[in-house]
Amino acid sequence: MTAESTEIVLNDAQTRNALSSRVSSLALASLTPPAQGLLLRMFADPYLLEKDERGALVEQLRECVAQFPEVSELRVLLGMALCVNFEVHPAIEELRESVRLAPNSFIAQLKLGELWMRLRVCDKAEEHTKLAGLLAQNMAQAELARKQAAQLRTMKREGIERGGFKAWASPLAFFRRLFNRQGSQTIVAADSQ
């Protein structure tokens, strides 16, 4: 590749990114003010939304996704709203589609990893969380991915995975947990004396 062709490719990529940003902004701006308010409340505390509010938010986001089907960020928002509305399988599909549309999207990878983590599918969760960590653009994003990865490591260490408590099936893990529990009880007993 010559320097000129490299510059053209870079300019094309920059143009696509700029256009993508404009389309994303337009798509997000197409949300009604009440839907934007519900989104803000969902981000603040999803438990504050009533059932009818969750349903209204999901419907608004579905309409936006139908209007702008190629905008990954809208699909992430819809996937998150579906999770809050306890619609797991549609949430998985929306987040998967978001990752397919934008495989280099930090938030799409992180949220799909988080959903798999909540469903205790640790291998898939680790894969998407690791990709999110690699895609992090700033310290805040890196910290979110790091915390999620730490949670996943804890879950795996404690055997909390889909299919039951796998670590408990191992006699060595059982004795290790038993010893740790007895050791901590001894420490607590010694502290209380």
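Residues are numbered from 1 along each chain as its sequence is written, and side-chain values use heavy atoms, with hydrogens and water left out.

**Confidence**

pLDDT is the predictor's confidence in each residue, from 0 to 100. Its mean over the chain is 80, and 71% of the residues reach 70 or more.

| Residues | pLDDT | Contacts beyond four places in sequence |
|---|---|---|
| 1-21 | under 50 | two |

Where pLDDT is low, the predicted coordinates should not be read in detail.

**Fold**

The chain has nine helices and two strands. Its order along the sequence is α-α-α-α-α-α-α-α-β-β-α. Helices (H or I, at least four residues) and strands (E, at least two) are DSSP runs, numbered from the N terminus. Buried residues (under 20% relative accessible area; exposed is over 50%, partly exposed in between, 1.4 Å probe, protein chains only) make up 34% of the 193 residues. Of the contacts between residues at least 6 apart in sequence, 49% join residues at least 24 apart.

**Helix α8**

Helix α8 covers residues 139-157. At 1.5 Å a residue, its 19 residues should span 27 Å; the end C-alpha atoms are 26 Å apart, which agrees. The expected span is 1.5 Å times one less than the number of residues.

Q141, A145, Q148, A149, L152 and M155 are the buried residues of α8. They cover an arc of only 115° around the axis, which puts them on the same side of α8. Their cover includes α6 (106-118), α7 (122-135) and β1 (160-161). The face turned away from the buried side carries the exposed residues M139, A140 and R157.

N138 caps the N-terminal end of α8: a side-chain oxygen lies 3.1 Å from the backbone nitrogen of A140. After α8 comes G159, with a positive phi near 80°.

**S98**

S98 sits in helix α5 (residues 88-101). S98 is buried, with a relative accessible area of 0%. Beyond its neighbours within four places in sequence, S98 contacts S72, R75, V76 and A108.

Terms used. Arc of directions from axis to C-beta. Contact = heavy atoms within 4.5 Å. Polar contact = N/O pair within 3.5 Å; in protein donor to acceptor, adjacent residues only side chain to side chain.
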